[in-house]
Amino acid sequence: KDIDECATGTHNCRADQVCVNLRGSFSCQCPPGYQKRGDQCVDVDECTLPPYCHHRCVNTPGSYYCQCNAGFQLASNNHTCVDINECDANNPCAQQCYNILGSFICQCNPGFELSSDRINCEDIDECRTSSYICQYQCVNEPGKFSCVCPEGYQVVGGRTCHDINECETTNECREDEICWNYHGGFRCYPRNPCQEPYVLTSENRCVCPVSNAICRELPYSVVYKYMSIRSDRTVPSDIFQIQATTIYPNTINTFRIKSGNENGEFYLRQTSAVSAMLVLVKSLSGPREHIVDLEMLTVNSLNYRTSSVLRLTIIVGPYAF
């Protein structure tokens with residue numbers, strides 16, 4: 001019967017060796033991961049032998065293990081490295097995450113930009129990027145911005161301010177008043193602007209009756225007109241044309257600014273025998289109201305003189321839009 005020297009302890013294997021019983025004998029072998037070199041067992045460097053690790057191999061006494069680069073993890077075979085989808089595992093990005101091989105990229109929603117840590121997102125202050133982004137005022141909001149307009153205007157197209165015509169919507173004018181819309185607001189003017197001794201003959205036209213002795217020294221008619229201009233309008237600029245409504249033969253017409261031009265903002269240029277153009281020569285800032293009397297003097301061959309006045313109310317809006 002074979003004696004198991006390994007079991008009885010009658011072998012002479014070294015402590016770092018493994019005893020293997022044989023029929024009628026025994027053998028001293030090295031444990032797995034070691035090889036005999038003379039009488040000693042020395043570690044086998046598996047990292048120099050196949051199968052090789054996908055990324056990195058770490059030798060250990062009697063064995064080895066594989067390691068993966070950052071962004072990868074070991075597959076179930078403990079040799080192959082597979083990509084880690086950081087976006088699914090533990091989304092590190094503040095807003096948008098895109099997985100790439102071995103890593104990830106963060107991106108931000110529109111209106112935000114990546115901060116210096118490349119993870120978080122910071123709001124872009126669009127109002128600071130350009131002073132022309134809004135026609136009037138820009139209001140920054142998280143991820144976006146909005147434009148606001150002053151009172152009397154409404155936002156059109158997201159950025160432009162458009163005048164609200166209060167005369168077509170709501171206004172406080174009375175029945176005996178007419179509503180006149182201007183850039184940024186409205187005003188109420190009397191439907192009958194005539195003052196003694198003038199009488200109203202048609203809408204906005206007042207006539208001084210020749211039967212009244214006082215009228216001989218006054219203009220025969222006064223016509224009331226209204227117009228609106230924006231603030232800081234480019235000059236020189238033609239803004240209003242005055243023209244004779246009735247043309248008499250053998251007469252000469254001359255035009256002048258009778259009043260309302262004390263600061264020299266206007267100039268009246270005669271354009272024909274029966275018309276003249278009011279020119280704005282100094283820029284006007286609003287809100288402001290100018291009342292300018294434009295007079296047409298008519299003289300005939302018999303030296304008969306008469307005059308008519310156009311009282312022009314110019315309303316300058318508060319803004320250049």
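User: Where does Pro287 lie?

Analyst: Pro287 sits in the loop between strand S25 (275-280) and S26. Helices (H or I, at least four residues) and strands (E, at least two) are DSSP runs, numbered from the N terminus. This is a predicted model, in which local features need pLDDT of at least 70 and side-chain atom pairs count only at pLDDT 80 or more, while totals for chains, interfaces and linings use all residues. Residues are numbered from 1 along each chain as its sequence is written, and side-chain values use heavy atoms, with hydrogens and water left out.

User: What kind of peptide bond joins Gly286 and Pro287?

Analyst: A cis one, with omega at about 0 degrees. The bond from Glu196 to Pro197 is also cis, with omega near 5 degrees; Pro197 lies in the loop between strand S18 (185-190) and S19.

User: Let's turn to sheets. In what order do the 6 strands of the open sheet come?

Analyst: The general idea is that strands of a sheet pair through backbone hydrogen bonds, either parallel or antiparallel. For the assignment, two strands pair if DSSP finds at least two bridges between them. Here the order is S19-S20-S21-S27-S26-S23, with mixed pairing. At the edges are strand S19 (199-202) and strand S23 (251-259), each of which pairs on one side only. From one strand to the next, the twist averages 30 degrees; the axes are lines fitted to C-alpha atoms (for helices over the stretch in contact), and angles run from 0 to 180 degrees between N-to-C directions.

User: How many bridges join strand S21 to strand S27?

Analyst: There are 9, and these strands, S21 (residues 221-229) and S27 (residues 305-316), run parallel. Look for Met227, which stands opposite Ile314 in S27. Now compare S19 and strand S20 (residues 205-207), which pair in the antiparallel sense over 3 bridges. There, Leu200 has Cys206 in S20 as its bridge partner.

User: Which residue in the turn between S19 and S20 has a positive phi?

Analyst: Asn204, with a phi of about 65 degrees, in a hairpin that has 2 residues between its strands. Asn204 takes this positive phi although it is not a glycine.

User: How should I read a pocket, and what is the volume of the largest pocket?

Analyst: Rolling a probe the size of a water molecule over the atoms shows where empty space is left. On a 1 Å grid over the protein atoms alone, a pocket is an open set of points with protein on both sides within 12 Å along at least five of seven lines, whereas a cavity is a set where a 1.4 Å probe fits but cannot get out; lining residues have an atom within 4 Å of a point. Grid points are joined across faces, edges and corners, and a volume is the space filled by probe spheres set on the points. Here the largest pocket has about 1,000 Å³. It is lined by 40 residues, and the closest to its centre are Tyr220, Ser221, Thr306, Ser307 and Ser308. S26 gives the largest share of the lining, 7 residues.

User: Last one: how many disulfides does the model have?

Analyst: A disulfide is a covalent bond between the sulfur atoms of two cysteines. The rule takes a pair of cysteine sulfur atoms within 2.5 Å, and the count comes to 16 disulfides. One of them joins Cys13 and Cys28, with sulfur atoms 1.8 Å apart. Cys13 lies in the loop between helix H1 (5-8) and strand S1 (18-22) and Cys28 in strand S2 (residues 25-29), so the link ties together parts 15 residues apart in sequence.
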